[in-house]
Amino acid sequence: MKSLIAIITLNLLLSCTSCTSSDKTTETPVVVTPEEPVIPIINDPVTPISDSDALDLVQKECIKYFWEYAHPVSKLAKERYHTDDPTNDANIVTTGGSGFGLMTIIAGVERGFVNRAEAVSRLTTALNFLETADRFHGAWPHWMNGTNGDVIPFGTNDNGGDLVETAFLCQGLITVREYFKNGNTEEQALAIKADDLWKGVEWDWYTKGENVLYWHWSPDKGWIMNFKLEGYNEALIVYVLAKASPTHPISNNNPYTQGWARNGGIKSTAQRFGIPVIFNHNGASGNVGPMFWAHYSHLGLDPRGLTDQYADYWSLNQNHAKIMLEHCKANPGSFTDYSDKCWGLTASYTRNSNGSTGYTAHQPNNDKGVITPTAALSNFPYTPVESMKFLKYLYAEHRARYVGVAGPYDAFSPEYIWKTPRYLAIDQGTIVPMIENYRTGLLWNLFMQAPDVKSGLISLGFSSTQHGF
């Protein structure tokens, strides 16, 4: 997870390890592999579980991805974990997914699922690693070697700074700072380290002197990727942090208004199922994009009561979730089991009708009959009733089939009697924070209380009735 981010076709996945055009996903393009064995049809017994217990259970299990399955040296999040091939890319750590992991661990500490002192030690190791890892004008790369911090190219020309992945990481760093800044000596040192790391990003460099931010820069390829961050996708947080930076801010609001918002062209009058879409989702042709666009920027950036001249961001995200739900209920592809308790499309592993598997950004105009659990689970703040139905579909009805060692598997398809016994950091990484935001608002409150974040939002023309500005 770029430009028309939404769709990565199977042919593209076969032809390259990373997109070379303006289309690029935030996650790993996965080379197509032979069909995995189908799941035996099992009539799982229904196991009653209370709402509270179900939420506790899924949070505890998803935390494991960032605790038990973290990289043993860096303590950052591995790009992926395959239960059927545990050594697969075992040294690749992901920058954005690690940011999600920082927030996941904070939620675990607050709930008592993770020991606080152990978390401080673990996070200190991770931040020390980030301090010495490769950076490019302050931005970390998409991938790093978890042993030594060296950049691992995400693609032929993508071997330098990745500003979007860096923003996701900085969202986590700011949250760490806010959570631990008034703690004991070790915790305060951790907070200072997080603050120093976030302040080291040269956001202004990534404008290239223009009124827009660019996604990538490489020391030997320069600006060859030429990918502008414009229009609606998952990158709103980049502009917020670029304006909020105390050290390297974008100097005026033109990159936001002219670049991101396209001088108002970001707005849409389209509706789906009678629900306003509000923004033109890149590549969605008047429909909505993959569900992660309502999650990645909003693990910390609280959409409740958040407005600017272009949108009410609660309505934007809730409408996105409701349209996705209604699409799955309407089920135009007539896929097995789609309903108000089996729903949710976003970027993940996939299974195609010809039996091949790969990776794609599932959405209404790219619906392959594959459900990705992170979509509905991370929608808890927006669709609590239907998200709970999905959670119980997983844990009360199909736990033996669709849940593994670190929570729900990345994707499954009742249509093809298929699942992938695999995990991706960026998919597991939004579940715990968004559920915690639904339960207590923890990560939203921490991030939004940050003085630099608040200043950046106000400078861009945002107001928040939830947070008093």
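Axes here are lines fitted to C-alpha atoms, for helices over the stretch in contact. The model on screen is predicted.

**Stop one: H3 and H14**

Select residues 95-111, helix H3, and residues 431-439, helix H14. Their axes come within 8 Å and cross at roughly 45°. That angle makes H3 oblique to H14. The crossing is left-handed.

Now show side chains. From H3, the contact uses Phe100, Met103, Thr104, Ala107 and Arg111. H14 brings Val432, Pro433, Glu436 and Arg439. Colour this contact by class: 5 residues are nonpolar, 1 is polar and 3 are charged.

Move to strand E2 (92-94) and strand E4 (151-152), the edge strands, each pairing on one side only. They belong to an open sheet of 3 strands, in the order E2-E3-E4, with antiparallel pairing. Which residue of E3 is the bridge partner of Ile92? Pick Asn145.

**Stop three: H4 and H6**

Select residues 116-132 for helix H4 and residues 185-199 for helix H6. The axes come within 10 Å and cross at roughly 30°. Angles under 35 degrees count as roughly parallel, so H4 is roughly parallel to H6. H4 passes H6 in a left-handed crossing.

Show the contact residues. H4 supplies Arg116, Val120, Leu123, Thr124, Leu127, Asn128, Leu130 and Glu131. Facing them from H6 are Glu186, Glu187, Leu190, Lys193, Ala194 and Leu197. By class, this contact holds 7 nonpolar, 2 polar and 5 charged residues.

How values were computed. Residues are numbered from 1 along each chain as its sequence is written. This is a predicted model: local features need pLDDT of at least 70, side-chain atom pairs count only at pLDDT 80 or more; totals for chains, interfaces and linings use all residues. Side-chain values use heavy atoms; hydrogens and water are left out. Axes are lines fitted to C-alpha atoms, for helices over the stretch in contact, and angles run from 0 to 180 degrees between N-to-C directions. Helices (H or I, at least four residues) and strands (E, at least two) are DSSP runs, numbered from the N terminus. Angles under 35 degrees count as roughly parallel, over 145 as roughly antiparallel, 65 to 115 as roughly perpendicular and the rest as oblique. A crossing is left-handed if the near helix is turned anticlockwise from the far one by less than a right angle, and right-handed if clockwise. Contact means heavy atoms within 4.5 Å. Ala, Val, Leu, Ile, Met, Phe, Trp, Tyr, Cys and Pro count as nonpolar, Asp, Glu, Lys and Arg as charged, and the others, Gly among them, as polar. Two strands pair if DSSP finds at least two bridges between them.
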